[in-house]
Every structure is written in structure tokens, then in C-alpha cells.
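Please show me this structure and guide me through its main features.

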Amino acid sequence: MSVLVPELDLPEINQMLETRTPPQIVEWSGAQFGDELVMTSSFGAESAVLLHMAVHVNPRIKIIMVDTGYLFPETWQFMEQLRRRFDLNVWVYRTRNDPIKYLHDAGEEDPTWRQDIERCCGVNKNEPFDRAIRELAPAAWLRGIRRDQADTRKDRKIVEWSKRNNCYAISPLLTWNSRQIGQYMKEHQLPYHPLVEKGYLSIGCNPLSCTRAVLPGEDPRAGRWAGQSKVECGLHLDTSLDSAKL
Ligand code: SF4
């Protein structure tokens with residue numbers, strides 16, 4: 001562990017934070033880590049919530065955004081909208097691959113579909129993310145995951161030590177559900193990603209294999225890697241996917 005990263009009593013801290021609201025958890029994070037705290041944002045469906053809480057605590061907090069090369073144009077528009085409204089300090093980390101050349105080299109003939117999702121996520125999403133964490137070397141990182149989003153997130157703790165990233169991973173929204181997120185958005189007049197009104201309730205990259213609109217009554221994350229066992233892009237797992245270059 002880096003000398004700059006304080007050793008925390010995680011069981012005790014998590015017990016205390018489980019009873020706090022997300023804005024209080026973000027405040028605790030800011031007080032604990034100061035400028036050594038960064039956040040990640042996909043500028044997805046409900047990303048405005050954590051961004052709003054984070055800039056309230058530290059207006060210049062570094063916000064890591066991963067550009068896989070395959071994001072929706074609406075995601076960029078949404079990022080600009082939020083960047084202007086909150087004067088966000090966004091740090092975009094891009095894939096090292098040319099998006100067209102990657103498809104050619106990986107034998108992906110249909111740009112609207114990925115046959116090898118693990119490989120594509122490994123080199124185009126996880127590699128830029130790992131690079132961001134390596135370069136910024138934060139003591140802690142705020143992320144927007146919630147327990148109700150996926151089975152893989154049900155047992156997550158609000159503060160975890162990420163061996164992979166050598167820093168703490170803090171999930172202030174972990175205990176909230178969609179209704180509470182919606183209430184917060186309404187209360188602070190925050191916008192949803194523009195594709196939400198078209199039925200995209202969880203938004204990642206644009207190939208249909210990776211993001212599709214969901215049907216009424218479907219789980220919000222049913223549109224991510226639909227029909228596949230994959231439920232996580234890998235950024236929130238503590239083992240790196242293969243991020244080797246092609
Ligand atoms: S979500 Fe899809 S397009 Fe995006 S990096 Fe992963 S496999 Fe590639």
C-alpha cells in the first residue's frame with residue numbers, strides 16, 4: 001500500500017457508512033481523502049446523481065471517463081451538457097486502438113455486434129481505465145455502482161480495498177434503488193442521459209451486443225450484453241481482464 005494511502009479499519013467504517021446517506025458518504029470520502037479522491041463516470045443513464053454529489057464536495061474533483069471508441073454520440077452530448085452545467089474537471093482516457101482498425105484486426109466483421117466481448121472490453125475499456133488509475137494514482141475512487149443493479153454487486157461493501165487499483169473503491173450509491181435515485185434527480189433537477197427516453201436504461205457502448213433498449217418490465221440492465229453471461233465490463237471487478245495490446 002502506498003504511504004499516501006491511509007490504512008482504514010474497513011469493517012468498522014463500512015458499518016458506520018451503511019447508515020449514512022449517499023451525500024454523507026461522499027462528504028466523508030472528501031474529508032478522508034481530499035484531492036487524492038477521484039471519481040469515474042460513464043456519463044450513463046443516471047450518472048448526474050454522483051457527479052452532482054461529488055462536485056458539491058470538491059468542485060475540481062478529477063472525473064475519469066473511458067472512451068472505448070464505441071460510445072453513443074448522445075453520451076458525448078450528455079457529457080458536454082453536464083460539463084458545462086457543473087464546470088466538470090473531466091479526464092478522458094481513450095483506447096489506444098483506432099476503432100475501425102481494431103474491428104479489422106480482431107476479425108469483427110459487423111460493427112454493430114461484438115463476437116469477442118471479453119477481448120474488446122479488455123483492450124478498449126479496461127486498458128484505458130487501468131492506465132488512468134496508474135497515472136493519477138489516487139488514494140480512493142468514487143464509483144456509481146448499486147447493489148440492486150446486478151447479482152455481482154449484491155455483496156459489495158461501500159468502501160473496499162482494490163488490490164488491482166491499489167486504492168480504495170468507494171460506492172456511495174450502493175444502498176439506493178432506482179426510486180431513490182429518481183427522487184434525488186427530481187429534487188435537484190438533474191437530467192437523465194438522452195437515450196433513457198428511448199428505453200435505454202443502462203448505457204454503455206453502441207454495438208447492439210453491448211447495449212440495447214429494454215422492454216417495459218425488463219430489468220434495467222437487461223439491455224447490457226443481452227443474452228450473454230456477461231454482466232460487468234470488468235472495471236468493478238478486482239481482477240484485470242486481459243488488457244494486452246493486440
Ligand atoms: S462494451 Fe462492447 S464495444 Fe464496448 S468495449 Fe466492451 S465489447 Fe467493446
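The questions and answers below go through the model from its overall plan to single residues.

Visitor: What kind of model is this, and how many helices and strands does the protein chain have?
Guide: This is a predicted model. From the N terminus on, the elements of the protein chain run α-α-β-α-β-α-β-α-α-β-β-β-α. The protein chain therefore has a total of 7 helices and 6 strands.

Visitor: What share of the residues of the protein chain counts as buried?
Guide: A residue is buried when its relative accessible area is under 20%. The protein chain has 246 residues, and the share of them that counts as buried is 53%.

Visitor: Is strand 2 largely enclosed or open, and why?
Guide: Strand 2 covers residues 62-67. Of its 6 residues, 5 are buried, so the rest of the structure leaves strand 2 largely enclosed.

Visitor: Which residue of strand 3 stands opposite Ile-64?
Guide: Strand 3 (residues 89-94) pairs with strand 2 in the parallel sense, over 6 bridges. In strand 3, the residue opposite Ile-64 is Trp-91.

Visitor: Through which helix does the chain cross from strand 2 to strand 3?
Guide: This β-α-β crossover is right-handed. The helix on the way from strand 2 to strand 3 is helix 4 (residues 73-86).

Visitor: How much space lies in the largest pocket, and which residues are closest to its centre?
Guide: The largest pocket holds about 950 Å³ of space. Its lining counts 43 residues. The closest to the centre are Ser-42, Ser-47, Gln-149, Arg-221 and Arg-224.

Visitor: Which element gives the most to the lining of the largest pocket?
Guide: At least two lining residues come from each of strand 1, helix 3, strand 2, helix 6 (117-136) and helix 7 (178-187). By class, the lining has 21 nonpolar, 13 polar and 9 charged residues. The element that gives the most, with 3 residues, is strand 2.

Visitor: Which residues come nearest to the ligand?
Guide: There are 10 residues around the ligand. By class, this shell has 8 nonpolar, no polar and 2 charged residues. Those that come nearest are Ile-117, Cys-120, Cys-121, Cys-205 and Cys-210.

Visitor: Is Phe-43 buried or exposed?
Guide: Phe-43 lies in the loop between strand 1 and helix 3. Although Phe-43 is not a glycine, it has a positive phi of about 50°. Its relative accessibility is 0%, so Phe-43 counts as buried.

Visitor: Is Gln-189 buried or exposed?
Guide: Gln-189 is found in the segment after helix 7. Gln-189 has a positive phi of about 50° and is not a glycine. Because its relative accessible area is 64%, Gln-189 is exposed.

Visitor: What distance separates the C-alpha atoms of Thr-19 and Thr-175?
Guide: Thr-19 lies in the loop between helix 1 (10-17) and helix 2 (22-33), and at 65% relative accessibility Thr-19 counts as exposed. Along the chain, Thr-19 and Thr-175 are 156 residues apart. Their C-alpha atoms are separated by 9.5 Å.

Definitions and conventions: Residues are numbered from 1 along each chain as its sequence is written. This is a predicted model: local features need pLDDT of at least 70, side-chain atom pairs count only at pLDDT 80 or more; totals for chains, interfaces and linings use all residues. Side-chain values use heavy atoms; hydrogens and water are left out. Buried means under 20% relative accessible area, exposed over 50%, partly exposed in between (1.4 Å probe, protein chains only). Helices (H or I, at least four residues) and strands (E, at least two) are DSSP runs, numbered from the N terminus. Two strands pair if DSSP finds at least two bridges between them. A crossover is right-handed if, with the strands pointing away from the viewer, the path from the first strand over the helix to the second runs clockwise. On a 1 Å grid over the protein atoms alone, a cavity is a set of points where a 1.4 Å probe fits but cannot get out, and a pocket is an open set with protein on both sides within 12 Å along at least five of seven lines; lining residues have an atom within 4 Å of a point. Grid points are joined across faces, edges and corners, and a volume is the space filled by probe spheres set on the points. Ala, Val, Leu, Ile, Met, Phe, Trp, Tyr, Cys and Pro count as nonpolar, Asp, Glu, Lys and Arg as charged, and the others, Gly among them, as polar. A residue is near a molecule or strand if one of its heavy atoms lies within 4 Å of it.
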